Amino acid sequence: MATKTMTTDLTTEQLLDWYHEMVLIRRIEEEAANAYQHGHIGGFLHLYIGQEPVAVGAMAALREEDNVITHYRDHGHALARGMEPKAVMAELYGKSTGVSTGKGGSMHLADAGKHFWGGYAIVAGHIALADGIALADQYLGRDRVTLCIFGDGATNNGYFHESLNLGKVWDLPIIYMVENNLYGMGTAVERASAVEEIYRKACAYDIPSERVDGTDPIAVYEVVKNAVEHTRGGEGPYLIEAVTYRFRGHSMGDAERYRSKEEVEEAMRHDPINRFREYLQKERNVPAEQLDQIVDEAEREVQAAVRFAEESPAPEPEALWANIFANPVGENSGT
C-alpha cells in the first residue's frame with residue numbers, strides 16, 4: 001500500500017479542515033443512526049463510520065468542476081464534497097428541505113451544482129453511468145475528470161468489467177475507486193473474489209492501478225492526486241483500491257454474524273480519526289485545545305442539522321408529481 005508521506009502542498013490549515021470534515025461526517029452518521037432507531041429515518045441506512053479518510057482525501061484532490069458519482073453508502077462523500085449538513089440530514093429524514101427534496105433519502109443524495117451525481121442503489125450499475133459522464137466530457141472537450149466510487153463487492157459484477165473495458169477502449173477521463181472495507185454485505189472478500197487484491201483486476205483491461213491505505217487521508221489524497229494528473233493529462237482511466245474498514249454493519253439491520261466482536265474492536269482501536277489527530281499534534285504541532293475546538297464546532301453543526309431536519313416540513317402530496325418528466329407534455333413538446 002501507499003504510505004503516508006509529508007507533502008509540500010498541504011498546509012496545516014488544510015489538514016485541520018480535513019479533521020473537521022472527518023469529525024463532522026462521523027457525528028452526522030452517529031446522529032443518523034440514533035434517528036433511525038427512533039423511527040425518524042425510514043428505508044435503508046448504510047453508515048460510513050470508519051471510512052471517513054477515503055472520502056475526505058479523495059475529494060480534496062478534485063477540482064470543483066470534476067464529477068463524482070458513488071454507491072449507496074454516500075453520506076460521507078456528499079459531505080466531503082461540500083453539501084450542507086442541514087440539507088443532508090433533512091434528506092435522510094425525508095423532508096422537503098433535503099438535497100433531493102425528500103424524495104431520494106439516504107441512498108440517493110445528489111447535488112448537480114457540485115457535480116455530485118448521486119448515490120445509486122444498484123450495485124455496480126452506476127459504473128456504466130460514470131463512463132457515460134466521462135464520455136460526454138471527452139466528446140464536448142471539457143477539462144474534467146470523473147471519480148466513480150464503489151465497493152469491493154461491485155468488482156465481481158458484470159457492470160464493473162464491461163465499464164472498465166469500455167473506459168480503456170475509449171481512454172475516458174475517469175478514475176475508478178474501490179472502497180474495500182473487506183466485506184460485500186456479509187461476505188468477506190476472500191470468499192467471493194478469486195483475486196483478493198482488487199486493484200490487480202484492472203490489469204485485465206490495461207488500466208494502471210494501485211492500492212492505498214484508506215485509513216490515512218493524506219495517503220488517499222496523494223494517490224488520487226496522481227491519478228487525476230494521469231487522467232486529466234489524457235492518459236486514460238486509472239483504478240484505485242482504498243483498503244478501509246466499516247465499524248458498523250452493512251446497514252442498520254445487519255446482525256454482523258459474519259465477523260467477530262474482537263475483530264471490530266481491534267479495528268476501532270486504530271480509529272483513523274484518532275490517528276489523524278495524533279498526527280496533527282505530533283507532526284504539525286497543533287495544540288489539543290485547538291483540535292477540541294474543531295470537535296466542538298462540528299458538534300454544533302451536527303446538532304443544528306438535526307434540529308433543522310426535525311423542524312422542516314414533509315413534502316406536500318403534490319410534490320409526488322413534480323420532476324417526473326424532463327419536458328412535461330404540452331410544453332414545447334409538439335403535443
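Which residues are linked in a network of salt bridges? Let's start there, friends: Arg-63, Glu-65, Asp-66, Asp-143 and Arg-232 are. By salt bridge I mean a side-chain nitrogen of Lys or Arg within 4 Å of a carboxyl oxygen of Asp or Glu.

A word on the model before we go on. It is predicted, so local features need pLDDT of at least 70 and side-chain atom pairs count only at pLDDT 80 or more, while totals for chains, interfaces and linings use all residues. Residues are numbered from 1 along each chain as its sequence is written, and side-chain values use heavy atoms, with hydrogens and water left out.

Asp-143 pairs with Arg-63, and their closest N and O atoms are 2.9 Å apart. Helices (H or I, at least four residues) and strands (E, at least two) are DSSP runs, numbered from the N terminus. Asp-143 also forms a salt bridge with Arg-232, with the closest N and O atoms 3.9 Å apart. Here too distant parts of the chain are linked, since Arg-232 is in helix H8 (residues 217-235), 89 residues from Asp-143.

How covered are these partners? Asp-143 is partly exposed because its relative accessibility is 44%, and Arg-63 is partly exposed at 36%. The cut-offs are these: buried means under 20% relative accessible area, exposed over 50%, and partly exposed in between (1.4 Å probe, protein chains only). Asp-137, by contrast, counts as buried at 2%. Asp-137 has a salt bridge with Arg-144, the closest N and O atoms being 3.7 Å apart. Across the whole structure, a search finds 19 salt bridges.

Staying with burial, take a look at helix H2 (residues 52-60). Eight of its nine residues are buried, so the rest of the structure largely encloses this helix. Among the buried ones are Glu-52, Pro-53 and Met-59.

Now for the largest pocket, which holds about 380 Å³ of space. Of its 28 lining residues, Gly-151, Asp-152, Gly-153, Ala-154 and Gly-184 are the closest to the centre. Strand S3 (146-151), strand S5 (183-184), strand S6 (187-188) and helix H7 (189-192) each give two or more residues to that lining. On a 1 Å grid over the protein atoms alone, a pocket is an open set of points where a 1.4 Å probe fits, with protein on both sides within 12 Å along at least five of seven lines, and lining residues have an atom within 4 Å of a point. The volume is the space filled by probe spheres set on the points, which are joined across faces, edges and corners.

Last stop, the loop between helix H6 (158-169) and strand S4 (174-180), where we find Trp-170. Trp-170 is partly exposed, because its relative accessibility is 39%. Asp-171 lies in that loop between H6 and S4, and has a positive phi of about 50° although it is not a glycine. Asp-171 is partly exposed at 35%. His-115 also has a positive phi, about 55°, without being a glycine. His-115 is placed in the loop between helix H4 (85-92) and strand S2 (116-120), and at 15% relative accessibility it counts as buried.
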